Amino acid sequence: MTRRLLAVLAAGALFATPAALRAQGSTSILVSGGLSVPMSDLSDGANSGYNLNLGLAFGAPFIPVGARIEGGLNSFDLKGGDGSVRMISGTANAVLNLGPTSGAPYLIGGLGIYNRRFSDSPLGVNVPSRNTAGVNIGGGVRFPLGGISTFLEARYHVMLGKDTEGTNYQFIPITFGIQF
């Protein structure tokens, strides 16, 4: 049911995009990484970790709203040194630019599918991998660094799973990235 809802929302967003935006659009590749901070229940059993992301950004001149599709990996070491937990995500996001220049701040948010997996089972219990839907919201700023376009952003991710399955995790990746 959740996958169907996400597919319908994504298809609706593509068809709702104005024809002028599609005609004048630009596409760029994003590569980013940084620190991931566990929140809520996840912070009870995991330390801060890292994140790696790869994505495509879509935009158009003179239009403040763009889109971004990303794949991400967030990994956290479990407290006590007994393995790690990692979340792989695929997200579709809207980006709202808050200024007329490419160096202006922006807001970002969207929907995604998240997969949670433990590398070594905590307490010796076999914990299967789980998939669930999720949401994210955050902000960032773009700035030139030498001859390349870079960005710094933070987002709050929430996996919309069940506490009993260990999929109701929340985390904040703080990333530095390159856009080309």
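**Pockets, rings and contacts**

Biologist: How much space lies in the second largest pocket?
Modeller: The second largest pocket holds about 580 Å³ of space. Keep in mind that this is a predicted model.

Biologist: Which residues lie nearest its centre, for the second largest pocket?
Modeller: G59, A60, I63, N97 and R142 do. They belong to a lining of 24 residues.

Biologist: And which strands supply at least two residues of that lining?
Modeller: For the second largest pocket, they are β1 (26-39), β2 (49-59), β3 and β4.

Biologist: Let's back up. How many helices and strands are in the protein chain?
Modeller: The chain has three helices and eight strands.

Biologist: In what order do the elements run from the N terminus on?
Modeller: The order is α-α-β-α-β-β-β-β-β-β-β.

Biologist: What share of the residues counts as buried?
Modeller: In this chain of 180 residues, 37% count as buried.

Biologist: What about contacts between residues at least 6 apart in sequence: how many join residues at least 24 apart?
Modeller: Among those contacts, 56% do.

Biologist: Now cavities. How many of 30 Å³ or more does the count come to?
Modeller: The count gives one cavity of 30 Å³ or more. The volume of the largest cavity is about 120 Å³.

Biologist: Which residues lie nearest the centre of the largest cavity?
Modeller: Look for N53, E70, R155, H157 and P173. The lining of the largest cavity has 13 residues.

Biologist: Which strand gives the most to that lining?
Modeller: For the largest cavity it is β3, with four residues. At least two residues each come from β3 (65-77), β4 (84-97), β7 (148-159) and β8 (170-179).

Biologist: How do the residues of that lining divide into nonpolar, polar and charged?
Modeller: In the lining of the largest cavity, nine are polar and three are charged. One is nonpolar.

Biologist: New topic: rings. How many aromatic pairs does a search of the whole structure find?
Modeller: The search finds three aromatic pairs. In one of them, Y114 and F171 have ring centres 6.4 Å apart. Their planes stand at 75°, so this pair is edge-to-face.

Biologist: Where do Y114 and F171 lie?
Modeller: Y114 lies in strand β5 (residues 105-118), and F171 lies in strand β8. So the pair ties together parts that are 57 residues apart in sequence.

Biologist: Is Y114 buried or exposed? And F171, buried or exposed?
Modeller: Y114 has 0% relative accessibility, so it counts as buried. F171 is also at 0%, so F171 counts as buried too.

Biologist: What kind of aromatic pair do F143 and F176 form?
Modeller: F143 and F176 form a tilted pair. The distance is 6.4 Å centre to centre, with 40° between the planes. F143 lies in strand β6 (residues 130-145) and F176 in β8, so this pair ties together parts 33 residues apart in sequence.

Biologist: What is the relative accessible area of F143? And how does F176 count at its relative accessibility?
Modeller: For F143 the relative accessible area is 28%, so F143 is partly exposed. F176 stands at 37% and counts as partly exposed.

Biologist: Which residues form one aromatic cluster?
Modeller: F76, Y114 and F171 form one.

Biologist: Where does the charged end of R142 sit?
Modeller: R142 places its charged end over the ring of Y106, 4.4 Å from the ring's centre. The charged end of R68 sits over the ring of F151, and there the distance to the centre is 5.3 Å.

Biologist: Back to F171. Which residues is F171 in contact with, leaving aside its neighbours within four places in sequence?
Modeller: The contacts of F171 include V37, L42, N74, F76, Y114 and H157. F171 and N74 are 97 residues apart along the chain, and their C-alpha atoms are separated by 8.8 Å.

Biologist: Last one: where is Y169 found?
Modeller: Y169 is in the loop between β7 and β8. Its relative accessible area is 12%, so Y169 is buried.

Biologist: How far apart are Y169 and L42 in sequence and in space?
Modeller: They are 127 residues apart in sequence. C-alpha to C-alpha, Y169 and L42 are 5.6 Å apart. L42 is also among the contacts of Y169, along with residues including V85, M87, R116 and H157.

Definitions and conventions
Residues numbered from 1 in each chain as written. Predicted model: local features only at pLDDT ≥ 70, side-chain atom pairs only at ≥ 80, totals over all residues. Heavy atoms only, no water. 1 Å grid on protein atoms, 1.4 Å probe; cavity = no way out; pocket = protein on both sides within 12 Å on 5 of 7 lines; lining within 4 Å. Points joined across faces, edges and corners; volume = space filled by probe spheres on them. Nonpolar A, V, L, I, M, F, W, Y, C, P; charged D, E, K, R; others polar. Phe/Tyr/Trp six-rings, centres within 6.5 Å; stacked < 30°, edge-to-face > 60°. Buried < 20%, exposed > 50% of the residue type's maximum accessible area, 1.4 Å probe, protein only. Lys NZ or Arg CZ within 6 Å of the ring centre and 35° of its normal. Contact = heavy atoms within 4.5 Å.
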